[in-house]
Amino acid sequence: MKVKILLLLVFLFPFQIFCQSKNTIDPIRFQIKNAGINVDGTISDWEYEISFDPKNLIDSKIKATANPQSIETGIKLRDKHLQGRQYFNVEKFPEIRISSKRFTSKGKGRFVGIFELQVKDVKKEITIPFAMIKSGKNQRFSAEFTINRLDYGIGESSLVLGDEVKILINFEK
Amino acid sequence: MRPLLMLLKSKVSTLFRRYWVLFLFPILVAGISIDGIQKWVIQYGSDIPKVWTDEAIKDWELPNFNPEFSAKPVSAAFYYNLPERVIYKTYTVYHPDHEPEGYWDWLHSIDAEIELDESKLLTEEDFVKAGELLFDYPIDSLGAIISKENVRDVGFYEYSEMPLSKDGIMPFARWIVTGKGKVYLGNLSCGMCHTKVMPDGSLLKGAQGSFPGDKAFAYGLQKAPENDVKAVSGFLFSSPWAEGDPHGELLSKKKQDILDAYAAVPTGAFGRQGTSILFPPQIPDLIGVKDRKYLDHGGLGQHRNIEDLMRYIAMNQSLDFLNMYGSFNPLGLNDEVINSGKPIMFPGTYDRHSDKQLYALAKYVYSIKAPENPNKPSQLTEKGKVIFAEQGCVTCHTPPYYTNNKLTPADGFEIPEEHYDKYDIFDISVGTDPGYTTKTRRGTGYYKVPSLRGLWYRGPFFHDASLAKLEDVLDPKRLESEYVPTAFIGAGIKNRAVSGHEFGLELDPEDKKALIAFLKTL
């Protein structure tokens with residue numbers, strides 16, 4: 001029996017390593033299609049101020065900033081280009097800002113937030129469905145939403161690069 | 001009667017321009033093909049563009065890396081005062097060992113024959129055919145690069161490693177006969193640089209050419225006095241405002257050092273006027289040029305329409321020797337001399353193509369198609385295609401042209417604010433050698449993103465032709481200072497890094513193989 005368990009562990013161990021993609025631990029990830037292939041990226045430098053009480057949504061607040069200079073897509077020169085003026089223009093706009101306006105509950109730890117998202121000098125109101133799971137004193141937030149990069153002046157229309165960027169948020173506070 | 005006819009012609013022309021769709025309808029109903037319509041339009045409906053107007057010339061080219069030394073070309077008045085070129089019949093140049101018996105005497109016995117009658121150019125086909133003739137037509141008979149003596153000397157072929165076609169023809173120059181006994185070697189056709197002798201000895205017109213121009217030039221210069229070598233090299237390359245004045249430094253050396261610099265330029269690159277033999281440009285592939293928005297490696301000439309290509313041809317067939325760069329002129333002239341009304345007897349500066357000839361030439365260049373690619377899609381190339389996308393190559397080398405048609409700044413160049421609106425900028429340097437675009441007359445501070453179409457018949461690679469094969473482009477060792485470049489190295493240099501464009505270097509060997517296999521299908 002012990003041997004079987006050991007064998008099972010030996011088998012599972014590399015499988016778990018394989019499954020543990022870098023993405024699961026990055027709080028801000030994004031995906032965009034480039035020539036039909038998903039390009040994954042992260043923004044690792046970010047800060048938040050959260051006061052979220054599911055029982056008091058009216059007074060709840062979520063506010064965060066992300067530093068586009070910390071973008072990583074696996075190709076350094078591409079990252080540098082994304083930081084340039086034709087994309088995030090980090091010299092002029094060092095922060096991406098998001099700030100909640102109001103929330104509604106969708107039941108069982110699910111919510112919808114209306115946020116103001118500012119990328120570069122463009123502010124837009126967006127709707128983000130998200131989940132919040134409480135674990136002890138901590139709250140784990142997860143969300144997935146899509147924006148059109150052209151709405152925010154991120155690059156230009158392209159034959160190969162998609163307009164839509166999927167953003168995946170996952171963190172615990 | 002004549003004014004009445006002209007009025008009628010003008011009215012018909014106006015009607016046609018306004019209501020061309022209505023004109024097309026009955027033609028389509030009658031079953032005439034689109035091709036037929038195109039020919040008809042060339043014949044009756046279109047005007048040949050006026051290529052050299054002061055307004056158009058003013059901002060057609062990008063400014064120099066040092067903007068105060070941006071080219072100031074000759075005026076429209078000067079240009080149209082030049083006589084139009086007469087296109088004589090030209091004849092094949094053979095390697096001396098392959099020349100048919102009696103050919104040389106026969107050439108001297110025949111009369112001049114004018115080969116192009118512009119009044120007969122009516123259809124698209126006519127223009128393309130005439131364009132091909134003009135593509136191979138040498139604009140110089142003064143021996144600008146190679147001479148009559150050179151091409152009749154076996155040693156010249158050995159020294160320059162001159163490729164020959166399968167019939168022993170030297171395809172990069174033509175004999176021009178301007179009268180009985182008047183046989184000149186014609187240089188400076190488009191085809192001189194843009195013709196490739198393929199491995200089977202066939203010719204591929206429009207491709208990155210295989211004329212070993214600088215080696216061939218060096219051979220001819222061996223007998224020239226040192227001062228003449230320096231003078232002609234100055235005409236070709238001087239850009240005294242460039243930081244460190246590398247060409248000035250070259251010209252301060254001995255004759256043999258200068259000849260070595262010429263001889264170091266590999267086949268597939270050529271230090272044409274305004275460029276450099278220290279930072280030699282790879283000869284561009286013209287096949288597919290219709291879809292490219294900038295011309296020259298530095299993107300010097302904008303290519304927005306056929307007129308721009310016509311301008312480029314006119315300018316590059318040596319008229320840029322008359323440009324002023326600040327107060328500097330490559331031939332040592334000044335505005336007063338240039339505009340004195342006297343011909344400037346330098347190759348390509350005392351006559352010009354007519355606008356109709358340029359139109360035909362451009363039409364031909366647009367019409368050149370690549371031969372059938374022997375590299376067919378396979379499982380390996382499909383894998384390479386995915387790697388191409390995964391590695392982000394598509395961002396710059398975007399299908400279907402495999403270029404995004406943008407300009408990337410070289411290291412050391414700060415993009416002026418107004419360029420973002422005027423040009424197509426991809427605002428990141430890929431770190432390749434900045435010498436060509438920062439230290440030459442044609443330098444703009446940018447490199448254009450090259451198309452990858454036709455890689456299978458091209459090479460050497462990179463804008464300075466440093467790398468012979470695609471495998472070398474993906475070899476990380478090329479970034480090391482001990483690396484020996486596989487094509488252009490530079491005179492007196494044993495090893496150096498080939499920096500920049502550091503993509504795909506870390507791929508494993510199988511992925512590299514797949515990527516290269518894919519690239520060769522383009």
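Predicted model: local features only at pLDDT ≥ 70, side-chain atom pairs only at ≥ 80, totals over all residues.
**View 1. Chain A meets chain B.** The contact (heavy atoms within 4.5 Å) draws on 14 residues of chain A and 20 residues of chain B. Together the chains bury about 1,400 Å², with 63% of it on carbon and sulfur atoms. Buried area is the accessible area (1.4 Å probe) that two parts lose on being put together, summed over both. On the chain A side, A:L77, A:H81 and A:R85 lose the most area to chain B, together 37% of what that side buries.

**View 2. A salt bridge between the chains.** A:E156 and B:K406 pair through their side chains in a salt bridge, 2.1 Å from N to O. The term needs a side-chain nitrogen of Lys or Arg within 4 Å of a carboxyl oxygen of Asp or Glu. Chain A and chain B have two salt bridges between them.

View 3. Helices are DSSP runs of H or I, at least four residues, and strands are runs of E, at least two, numbered from the N terminus.

**View 4. Inside chain B.** Chain B holds 23 helices and 11 strands. Of its 522 residues, 55% count as buried, that is, under 20% relative accessible area (1.4 Å probe, protein chains only).

Residues are numbered from 1 along each chain as its sequence is written, and chains are lettered from A in the order in which they are written. Local features need pLDDT of at least 70, side-chain atom pairs count only at pLDDT 80 or more, and totals for chains, interfaces and linings use all residues; side-chain values use heavy atoms, without hydrogens and water.

Note on methods: Buried < 20%, exposed > 50% of the residue type's maximum accessible area, 1.4 Å probe, protein only.
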